[in-house]
Amino acid sequence: MSEHFDAIVVGAGPAGNSAALVMARAGLSVLQIERGEYPGAKNVQGAILYADPLEKLIPEFREEAPLERQVLEQRLWMLDDDAYVGTHYRAPDANVAKASRYTIIRAKFDQWFSSKVREAGALVICETTVTDLLRDAEGRVTGVATDRADGEVTADVVVLADGVNALLGRRAGLRRELKPSEVALAVKETMFLSEDTINQRFNLKNGQGVVIEAAGTITAGMAGTGFIYTNEDSLSVGIGCMVSDFAESRVRPHFLLERFKQHPAIAPLLAGAEIREYAAHMIPEGYYDAIPQLYGDGWVVAGDAAQFVNSIHREGSNMAMTSGRLAAETVVAAKAAGKPLTAKTLKAYRKALEDSFVLSDLKKYRRLPRLLEGNKHFFTDYPKLLTRAADTWFRVDGTPKRQKEREIAGTFRETRRLRGLVGDMLKLGRAWR
Ligand code: FAD
């Protein structure tokens, strides 16, 4: 591979595909390198796809992309060991052309996205791992080394979209090691059921979907959440917690998933489903303070490799697509202006991210990791208090309602004391600001 390219993109996930698509469409010569057998082969996601960032790149995606179901209903559940309280939002029966969220299967979706990148003119090579960054005497990134024989290739800029492990950036000294408190480990099973059974169990018509996000004692005192997403004829069922919590508790992720699946509120939804796939993957959850240097001489970083995940809202792929697009637009603009792709020029990428929801949202929740790290009672005491309160409130047993209110308030005070309750509300308020 002796050819020189305008840009090399490492990784064919949503960040890499967005970057490669924009640059190839602008007429730049683009080489995209993916280590998987095909794009999506190595990728794990729940997965909810957000229409907005994809629509900006491929407005007609709804007619072409392999979408499973439009997300019609969102359920948020707080579970204790055998009950739950929750909220549900069901949107009007939107038609697919208007839906803003869809469930997808990443292996299928990434291959479709990659076909668009190829159509735009990029050269996409799979089953090739980028092993290192090439640098000149001044330290400027000039290309990549791969695991292929004769595998060095040069470019004016390298877009690092290699996902959460971000090994290349670490190896090249462009970023520090992730702390266990900045990354979650999630496990997921794909469980097959007929389309009709899913429709009946979740109260859906064909093409409509439900997503359930669950928190509470299901994570055994660790900071994390579980989920169930409806696909056309399968369910994505998973759970994830912070790596630092897994290390401390020594609880195994698979044990958590099994327990989650056996919860009395969950088990009937999964009954009879056949497990055909099992996957585990990390999720960057360090928010704003864990974001590494985003650009330098001859390189930019996008997506999970840049720590762009908002786990509170389960958003990652949208941040990946947006950051990939913005990185590419920065490169295209610099090239058009005849500027060298130095740190000074590529700084505009950081500015574009700051002006977008990506850095704005990650900054908004920057206190969240510390809140969850030091306040595990949000995952233990509160789910129990809430389900107990619901049980007291809804039980018709001749107790006057005023007495019920006093009982509920009493159990909250007994468990957290007044000072603890006020402190928790203040902490939550501050983390949410
Ligand atoms: P990735 O999708 O990880 O892609 C990186 C690519 O780079 C991979 O294809 C990999 O094989 C390749 N690669 C890595 N190293 C090299 C190398 N050295 N050489 C060549 N190729 C390399 N987000 C949502 O928006 N909605 C959800 O519902 C959701 N659910 C999730 C559920 C789970 C269980 C997990 C783990 C994540 C979830 N996310 C979700 C987050 C989302 O998956 C990520 O934010 C998104 O995939 C990031 O895209 P990316 O392109 O940055 O990285």
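Into which domains is the chain divided? There's domain 1, made of 4-66 + 104-176 + 292-355, and domain 2, which covers 369-432. Keep in mind as you look around that this is a predicted model. Taken over C-alpha atoms, the centres of domain 1 and domain 2 sit 45 Å apart.

Let's start with strand S1, residues 4-10. Five of the seven residues in S1 are buried, so going by the cut-off of 20 or more other C-beta atoms within 10 Å, this strand is mostly covered. S1 has a partner in strand S10 (residues 152-160), and the two pair in the parallel sense over six bridges. S1 also pairs with strand S2 (residues 30-33), again in the parallel sense, with four bridges. A handy residue for getting your bearings is Ile8: it stands opposite Val158 in S10, and it also stands opposite Leu31 in S2. To get from S1 to S2, the chain passes through helix H1 (residues 14-25), giving a β-α-β crossover that is right-handed.

Now move over to S10. Seven of the nine residues of S10 are buried, which leaves that strand mostly covered too. Val159 in turn stands opposite Val300 in strand S17, and S17 (residues 299-301) pairs with S10 in the parallel sense over three bridges. Strand S9 (residues 141-146) is another matter: S9 and S10 run antiparallel, joined by three bridges. Along that pairing, Gly143 stands opposite Thr154 in S10. The hairpin formed by S9 and S10 has five residues between the strands, and Asp150 in that hairpin takes a positive phi near 60°. As background for the neighbouring positions on these strands, in a regular strand the side chains alternate between the two faces of the sheet.

Next, the ligand. The shell around the ligand holds 39 residues, and the closest are Gly11, Gly13, Gly163, Gly303 and Gly316. The elements giving two or more residues to that shell are H1, strand S11 (183-192), strand S15 (274-284) and helix H10 (317-336). By residue class, the shell around the ligand splits into 16 nonpolar, 15 polar and eight charged.

A couple of backbone angles deserve a look. Most residues other than glycine have a negative phi. Tyr287 has a positive phi, near 55°. Tyr287 is in the loop between S15 and strand S16 (295-296), and it counts as buried because it has 24 C-beta neighbours inside 10 Å. Arg417 also has a positive phi, of about 60°, although it is not a glycine. Arg417 is placed in helix H15 (residues 401-432), and it counts as exposed because it has 11 C-beta neighbours inside 10 Å.

Lys376 lies in the loop between helix H13 (368-374) and helix H14 (381-394). Lys376 is partly exposed, because 15 other C-beta atoms lie within 10 Å. Its C-alpha is 6.6 Å from that of Ala223, although Lys376 and Ala223 are 153 residues apart in sequence. Ser100 sits in the loop between strand S5 (84-90) and strand S6 (101-103). With 13 C-beta neighbours inside 10 Å, Ser100 counts as partly exposed. Ser100 and Leu421 are 321 residues apart along the chain, and their C-alpha atoms are separated by 37 Å.

Terms used. Residues are numbered from 1 along each chain as its sequence is written. This is a predicted model: local features need pLDDT of at least 70, side-chain atom pairs count only at pLDDT 80 or more; totals for chains, interfaces and linings use all residues. A residue is buried if 20 or more other C-beta atoms lie within 10 Å of its own, exposed if 12 or fewer, and partly exposed in between; C-beta atoms are placed from the backbone. Two strands pair if DSSP finds at least two bridges between them. A crossover is right-handed if, with the strands pointing away from the viewer, the path from the first strand over the helix to the second runs clockwise. A residue is near a molecule or strand if its C-beta atom, placed from the backbone, lies within 6 Å of it. Ala, Val, Leu, Ile, Met, Phe, Trp, Tyr, Cys and Pro count as nonpolar, Asp, Glu, Lys and Arg as charged, and the others, Gly among them, as polar. Domain bounds come from an automatic or database domain assignment.
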